[in-house]
Amino acid sequence: MLDIANWQTYRQQIGNWVVTIGTIIICATLLPARLPGMELLGLGPNWLLIWVVAWSVKRTTLQGGLAGLAVGLIQDGMTAPYPSHAIALACVGIITARIKKQRYIQEDFISVALIVFGMAVVAETVMAIQFGIFCDRKLAEIWTDHQRIALASAILSSLWAPVVYYPLNLWWRRLTSPGLNPGDS
């Protein structure tokens with residue numbers, strides 16, 4: 001196994017940038033994919049939301065908000081002509097960073113799945129509010145769609161959250177913890 005903690009500082013930084021940007025690209029690529037078992041009511045997991053939660057769980061509020069904004073702009077570049085996802089994912093990053101998971105909940109998989117579930121509902125609600133303000137659709141239609149979309153997105157995203165969270169968390173722990181063995185994680 002790679003002993004990342006003993007790499008030279010510049011190698012650690014380059015490796016961290018490659019892993020961080022690479023996982024964002026993978027999540028953005030998976031976003032429009034509808035693989036068997038990954039679809040509920042015509043919706044798939046929100047991979048970029050899962051990534052923002054995984055990033056923000058152990059970071060500051062500013063780092064979480066900026067990551068959410070940047071990833072949201074990437075998602076908006078793929079889907080919308082205006083920043084609907086950017087604002088929602090920035091909110092998700094800020095709220096997730098403020099939770100301070102390690103203080104309240106110790107179990108990683110369960111807590112991250114619960115956080116992703118809640119943040120998916122928050123993100124979909126923020127986007128529904130934006131659509132209610134800026135779109136010409138009736139608020140009743142938006143609210144009906146919002147309930148279906150929020151629940152399906154929250155369920156799927158929370159179920160798939162460990163697939164993104166575990167490898168990223170393992171990488172970031174090895175990057176900062178010298179002598180961490182694979183069995184210690």
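Which residues have the most contacts inside the largest nonpolar core? They are L48, L49, W51 and V53, in a core of 36 residues. Such a core is a set of buried Ala, Val, Leu, Ile, Met, Phe, Trp, Tyr and Cys residues joined through side-chain atoms within 4.5 Å, where buried means under 20% relative accessible area, exposed over 50% and partly exposed in between (1.4 Å probe, protein chains only). Two or more residues come from each of helix 1 (9-30), helix 2 (47-56), helix 3 (61-79), helix 4 (84-99), helix 6 (108-134) and helix 7. Helix 2 gives the most, with 9 residues. Helices are DSSP runs of H or I with at least four residues, numbered from the N terminus.

The model is predicted: local features need pLDDT of at least 70, side-chain atom pairs count only at pLDDT 80 or more, and totals for chains, interfaces and linings use all residues. Residues are numbered from 1 along each chain as its sequence is written, and side-chain values use heavy atoms, with hydrogens and water left out.

The chain averages a pLDDT (the predictor's confidence in each residue, from 0 to 100) of 79, and 84% of the residues score at least 70.
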